Amino acid sequence: MKKYNKKVVKTLFKKEILDVIRDKKTVIMMLVIPVILYPLIFVVALGIMSSVQSSLKTRTYNIAIETKLDEGQFYDYVQKQVYSVEKAREKGTTESGSGTSESTEKTTEEKEEKYRINFVDAYSIEDFKTAMQEETLDVYVEVVPDEGDENEEGKEGRVRYVIYYLSSSTNSNYASDIIFDFVEKMNQEMSKDRISDAGLDVELTLNPISYSYKNVASGKQSMGSMLGSVLPFLLIISLLMGTMYPAIDTTAGEKERGTLETLLTLPITNRQMIMGKFLTVALIGIISALLNILSMGGIAIYIVKIMKSYGGVKMNDVALSEFVPAILVGILAILAFSLFISAVTMCVTSFAKSYKEANNYITPLMLAVLFIGYIGFIPNVSLEGGMALVPVANICLLIKNLLIFKVTLESVAVVLISNVLYAFLAILLLSRIYDSESVLFNDGRGGLQLFEKRSNLKKGGVPTFSDAWFVLLFVIVLVIYLGGILQSEYGVYGVAGTQLIILSIPLVMAIYTKKDLKKTYSIRKPKAVPALGACIFILGIISVGIVITSIVSSIFKESSEASYESLKDIMDNGFVITLLIVALLPAICEEMMFRGYIFAAVREKYRPVVAMIFVAVCFGLYHMSISRLFVTGLLGFGLCMSTYYTKSIFPGMLMHFINNSYSVIAYYYPKAIEKVLPILAVEKLSVKSAVIIAVFGITMLVAGYTILRMSKKKEEAAGA
């Protein structure tokens, strides 16, 4: 029997591989992008940059210099420098033409100084700013009496050279650098002349001490540090892109083509079918990853050669053989991550009924991977403790540490085993999905209604699953960009604007698609007993969350400090205003979106537990903080349970407000918190305090859930 199972899986695997290879998108993502597009982009970009830089060094720049106050001193100095540049250029051209080898011995500075300067009469220009806007003039130098800066008094008799340039013009930027260098050189030469005239030692006076930098990092460490930030991020993104299209094709694509029903009629089990599909997606992902590694490795070697040839960085002690152990372990890590991301991608796309819908579903996963993968760019984040168990982040940090030769066998084992374990759990979830006919053969209730003609839409009901996806993505994008601008410009009032975005977008969408607002947002008066149970349950979650926050903060110190600083920036606006905007407004707006619009749509299509988990994950990711991800997700799950069991959004709003209010009260009245809740009035919980709070929280969870379940049973019995 075991042999037969292997044969069936092998046959299914071959069938899926052939189907995937026939898909042009998969072949493009697997072969064309890493093998052709990446190197081509790099070479073209490098060529364009080199061409632009070369053109800047050989252009003619129009410069106007005033001569009255300094009696043409700076004008004469610039002319002298330009004359020496032209002579050096003419000499180099003559020597090159005569076939002598002397031109190869010129300094780098002489080789690069090939620009020409056209002096424009400053007094013939009516408005130099207009001339610069029209780009007929690149730089204008004004000579004015020196009045000093805000913190510096001007010196009588001294002049100031004001260099005007147009920052939006590349030519003007480059020309201003040339003129600025001339000003600095003239300043240094004049300083030396005055010191020499005073009978002092020029070098000793200008440089009373001598200093130098000594980098003790080896060449391989410098190279590894340079690649360690960018390479892991590119690898996980390319791996996700490599698995995305085969995952869509083997799940949603098969539904759209109508071949899934035929496959299910064959004498095979769901697990055999899943294994065949999973192995296909994982293999494509692995091949894509390996091709990306080879492509990026080739680019890295090319960079090293360029750096060696220019001699800007000492890379002579860098040998590719020294990176071989890191590369081998990195390949193992990529393979483990490939298994994980393949299974997760298939889980997500399995819910879609068409290729187009699957692309919509995969977008939030891409955003989550991008967000977590960015951790490789954050300095001083180490692969220690719980960080080694965080999916995506652990792979990025492991590859980064491998490249700088700072990794332990224990951390490697934890990362590899955890990713394989996560892949196994995702496969189990995938098997549950394929055991559910409601998922495999959905009735189309998840279609996007936004782009349908409004007159064709029926009144009533709740949003569709696709509507929820669209609103979620649209709101997150607006919060990241528009919300970020509002908060940076207007502080706490920008937070209010962000919350109004969160409230208004789903509400406008619900009204446009003619949804039942009361049903969508669970607007009804809750019964007393279920509401009490919900409040007790969420109080338990908040208590457990305090303990988890204390633990996570010790692991993600940088992220915790950044979260605290960002919160501190918007707190100093008075207690009442801060309480309204930071505590009350999010309790209303975020609940209306997540536990209202999103939860109603997801609950309509999937089981309540699945809907709660989905909304909890989205709520955690929405807050965009690694240190708060799990805690906010846990709170989001509790708030979903409150809405589900009470059939009302108001208990959740109340507890959300209480949770947020605690932070505001603790900030403004720390002594009151110390008096009422001394166990919480500490920077870090002791083990004893953590145990007490955890026990209290778990007790509240059990008590609240018991009340909710009993109320639900009584309601069902009364309804029967």
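I started at Phe405, which comes after helix α14 and has a positive phi, near 60 degrees. This is a predicted model, so I kept the ground rules in view: local features need pLDDT of at least 70, side-chain atom pairs count only at pLDDT 80 or more, and totals for chains, interfaces and linings use all residues. Residues are numbered from 1 along each chain as its sequence is written, and side-chain values use heavy atoms, with hydrogens and water left out.

Next I looked at α14 itself, residues 393–403. Helices here are DSSP runs (H or I, at least four residues), numbered from the N terminus. How many of its eleven residues are buried? Eleven of the eleven are, including Asn394, Cys396 and Lys400. Buried means under 20% relative accessible area (1.4 Å probe, protein chains only).

Then I went for the rings. I searched the whole structure and got 18 aromatic pairs. Phe337 and Phe340 make a tilted one, with 6.0 Å centre to centre and 50 degrees between the planes. Rings of Phe, Tyr and Trp (its six-membered ring) pair if their centres lie within 6.5 Å; planes under 30 degrees apart are stacked, over 60 edge-to-face, the rest tilted. Both Phe337 and Phe340 sit in helix α12 (residues 324–349), three residues apart, about one turn of the helix. Phe337 is buried at 0% relative accessible area, and Phe340 is buried at 11%.

Why is the Tyr644 and Tyr645 pair edge-to-face? Their planes are at 80 degrees, with ring centres 5.1 Å apart. Both tyrosines, Tyr644 and Tyr645, are buried.

Last, I noted a cluster: ring pairs link Phe575, Tyr667, Tyr668 and Tyr669.

Methods. Helices (H or I, at least four residues) and strands (E, at least two) are DSSP runs, numbered from the N terminus. Buried means under 20% relative accessible area, exposed over 50%, partly exposed in between (1.4 Å probe, protein chains only).
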